[in-house]
Amino acid sequence: MSIVVNLDVMMAKRKISSLELAEKIGITTANLSILKTNKGKAIRFSTLENICKVLNCQPGDILEYKEDN
Amino acid sequence: MKVTGKNSLSNGIKIGLQFVFILGIMVIVLLPFWLKLYCTYVNTSLVYFPSLILLYASGIPGLIIVKEFIKMFDTLKQNNPFVVENVKHLKICSIWSFLISIEYIIGAFVTKSVFSIIVIGVFIIAWLGLYILSELLKQAIEYKEENELTI
């Protein structure tokens, strides 16, 4: 997939654990893990909104477009 | 009424299909005997050997179709029907239905019975219907996966 989720970088910057983030966003840790490992196929605007709110960042900080080889 | 899971309609149908499968094996094993009786006493104009070959050639695929359906109803019992295996099972059923209809098209010249035309019609509809259903199921599985991986 050419869209990469760089969630761990932002989480490390904000010094927040997966469990805490999942709880604050309101999703399960299993789903957060899917998101972090780039296995997800789509992200709801509401989830993205919550992530940005909790991590105090912009969508561009966690999502990145990379050209497919 | 519950459609999937334990003690459901699909489980009942599965048991029925298993019964049909066992009955089908018995009929196929004793087919030469039954057909001999049928040719001697009921329909004397029927030619024994071509009919026997036709019935074997359509009976065994028929049993395979029943077996595939039992496997599909098994996944319904487990509440997990949206799996790639079911697409395969439906495709296999569709191919065998097509072959049975071809066999009866050839067999219609041998048996010269109106009944053959009905069988041809039914299996052609089954062939196309099952193929369409398998493609629909494939799409449904894709939608389901996409939905499950939307976070």
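User: A residue is buried if 20 or more other C-beta atoms, placed from the backbone, lie within 10 Å of its own, exposed if 12 or fewer, and partly exposed in between. So, is Met10(A) buried or exposed?

Analyst: First, a heads-up: this is a predicted model, where local features need pLDDT of at least 70 and side-chain atom pairs count only at pLDDT 80 or more, while totals for chains, interfaces and linings use all residues. Residues are numbered from 1 along each chain as its sequence is written, with chains lettered from A and ligands numbered from 1 in the order in which they are written. Met10(A) has 20 C-beta neighbours inside 10 Å, so Met10(A) counts as buried.

User: Which element holds Met10(A)?

Analyst: Helices (H or I, at least four residues) and strands (E, at least two) are DSSP runs numbered from the N terminus. Chain A has 5 helices and 2 strands, and from the N terminus on they run β-α-α-α-α-α-β. Met10(A) lies in residues 7-14, which is helix α1 of chain A.

User: Which residues does Met10(A) touch, leaving out those up to four places away in sequence?

Analyst: Two residues are in contact if their C-beta atoms lie within 7 Å. Glu49(A), 39 residues along from Met10(A), is 15 Å away in space, C-alpha to C-alpha. With residues up to four places away left out, Met10(A) touches Leu55(A), Cys57(A), Asp61(A) and Ile62(A).

User: What share of the chain A contacts between residues at least 6 apart joins residues at least 24 apart?

Analyst: Chain A has 69 residues, and 16% of them count as buried. Its C-alpha atoms fill a box of roughly 35 × 20 × 20 Å along the principal axes. Among contacts in chain A between residues at least 6 apart in sequence, the share joining residues at least 24 apart is 67%.

User: Which element gives the largest share of the side of chain A that touches chain B?

Analyst: Where the chains meet, 11 residues of chain A are in contact with 4 residues of chain B. The largest share of chain A's side, 3 residues, comes from residues 29-36, which is helix α3 of chain A.

User: And in chain B, at what angle do helix α1 and helix α3 pack?

Analyst: Helix α1 (residues 9-29) of chain B makes its contact through residues including Leu17(B) and Phe21(B), and helix α3 (residues 48-77) of chain B through residues including Leu63(B) and Phe73(B). Their axes are 9 Å apart. Chain B's α1 and α3 pack at an angle of about 160 degrees.

Definitions and conventions: Axes fitted to C-alpha atoms, helices over the stretch in contact; angles between N-to-C directions.
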